[in-house]
Amino acid sequence: MFNKILIANRGEIALRVLRAAREMGIKVVVAHSEADSQSLPVLLADEAICIGAPPSAQSYLNIPNLLSAAIISGADAIHPGYGFLAENPQFAEMCREYGIVFIGPTPENMYSLGSKAGGREIAAKSNVPTVPGTGVLESVEEAVAAAEKIGYPVLLKASAGGGGRGQKVVRSSDEMRTAFVQAQQEAQNYFGDPALILEKFVELFRHVEVQVMGDGKGHVIHIGERDCSIQRRNQKLIEEAPSRLPEELRQEILAAGVRLAKYVNYQGAGTLEFIVDPEGNFYFMEMNTRIQVEHCVSEMISGLDFVKMQIRIAAGEPLDLQQEDVELNGHAIECRINAEDYEKDFRPSIGKVETLHFPGGPGVRVDSHLYAGYSIPPHYDSLVAKLIVHAPTREEAIDRMKRALGETVIEGPGVKTTVPFHLRVMDNAFYRRGAIFTNFVTTRMND
């Protein structure tokens, strides 16, 4: 087992990894930007090393600085969290070259699955259905030609991306020329790679994803699936597990996820994302070769600790859990609490948190790096907390979430959060009866 892990991330996921490592008796080094010098992970770490200025390109995306921090601190391994360099195969390769274990998939896994183009190719080889689309596009002219062949509307997607960044719905060739440049720029800014692919845009669908864990030695299991259909501009807002799919369809999707992961001898935690249309057809979208923001809901229904599993697998321990050993109980819901003003079109909100109270009670979990006196920086993602509840049934979970949201207080000059939005969703009749598609926010929030 490792003696010391460097966390190459920030915010709640850095704190989540820190806590898991500490319970395993592993020392933790937190690499941080100047803007995060007073963040909770930094304050709780055994060691903290500043790796650069606030912009991500100068800190959390700065591979030489991160590797230097790991070497100087004597870390055995690096945990990348999610986002930033978590799905960067070059970073994983350089860790290997310097004798530092990358806690995540192998570079080979990421090269084959980390890009959307590569994922589509592997899906076809492992007999998993995909939405009609293309490989990496070389030019806007190629994109226009492909879109006309597939039929509008289409979706431009950053090949190296995730989290909805670098995605544009395009409904005509005139729109394509502007959207292509915008998507390229966004992909470059967020992922350091402007490559785009194109897919047929399915107007109405549910977003269902399969959580897998593999040991890199041929053994892969799934730990259920999640429904992540409550989204805004391709950004997930609410996730729950399990989905409400018919059992036969659910088992088909779970089997497809495991089949694809086994095809590449997958190592560590990963998530396979699928589109499910109203007729029950499902299509593979992409694989996130990392731990997900919403891993918590799957932890709640399984009783497993995914971060500890990641660490043990990276340390060479076998995945001794068999598929039949995985027991999923009850229903879990996660609300992502963002520092955004819901009443002003989700405008980003920054400021100093002066009053903070998180809910408690049975079946309630909060993952957050906030504390009273903390100033939310303007440089990064707006996620400030994840509120997760677990209950025997979905109806009870919704009621518990509503109660927990009502107890949540995050206040300070200029600080607004999305708690009011989540309370509205919990009271929404369509949501309560499970009539959810990815267009929910734009079509059902006014009903």
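Helices (H or I, at least four residues) and strands (E, at least two) are DSSP runs here, numbered from the N terminus. By that count, this predicted model holds 15 helices and 20 strands. The radius of gyration is 21 Å, close to the 22 Å that the globule rule gives for 447 residues, so the protein is as compact as a globular protein of that length. Along the principal axes, the C-alpha atoms fill a box of roughly 55 × 50 × 50 Å.

**Stop 1: the domains**

**Stop 2: the interface of domains 2 and 3**

How many residues of domain 2 are in contact with domain 3? Eight are, and they meet six residues of domain 3. Together the two domains bury about 550 Å². Carbon and sulfur atoms account for 25% of that area. One residue pair is in polar contact across this interface, with both residues at pLDDT 80 or more. By class, the side of domain 2 that touches domain 3 has five polar and three charged residues, and no nonpolar ones.

**Stop 3: the salt bridge**

Stay at the interface. The count between domain 2 and domain 3 is one salt bridge. Select Arg-165 and Asp-381, and show side chains. Their closest N and O atoms are 3.7 Å apart. That falls inside the cut-off, because a salt bridge needs a Lys or Arg side-chain nitrogen within 4 Å of an Asp or Glu carboxyl oxygen. Side chains of opposite charge can pair when their charged atoms come close.

Next, trace the backbone on either side of the pair. Arg-165 sits in the loop between strand E6 (154-158) and strand E7 (168-170). Asp-381 sits in the loop between strand E18 (364-368) and strand E19 (383-391). The pair links distant parts of the chain, 216 residues apart.

**Stop 4: backbone geometry**

Most residues other than glycine have a negative phi, and most peptide bonds are trans. The next selections depart from that.

- Select Tyr-152 and Pro-153. A cis peptide bond joins them, with omega about 0°. Pro-153 is in the loop between helix H7 (140-150) and E6.
- Select Ala-241 and Pro-242. The peptide bond from Ala-241 to Pro-242 is also cis, with omega near -5°. Pro-242 is in the loop between strand E11 (235-241) and helix H9 (247-263).
- Select Asn-127. Is its phi positive or negative? Phi of Asn-127 is positive, near 60°. Asn-127 is in the loop between helix H6 (116-125) and H7.

Technical notes
Residues numbered from 1 in each chain as written. Predicted model: local features only at pLDDT ≥ 70, side-chain atom pairs only at ≥ 80, totals over all residues. Heavy atoms only, no water. Contact = heavy atoms within 4.5 Å. Buried area = accessible area lost by both parts, 1.4 Å probe. Polar contact = N/O pair within 3.5 Å; in protein donor to acceptor, adjacent residues only side chain to side chain. Nonpolar A, V, L, I, M, F, W, Y, C, P; charged D, E, K, R; others polar. Rg over C-alpha atoms; globule rule 2.2 N^0.38 Å.
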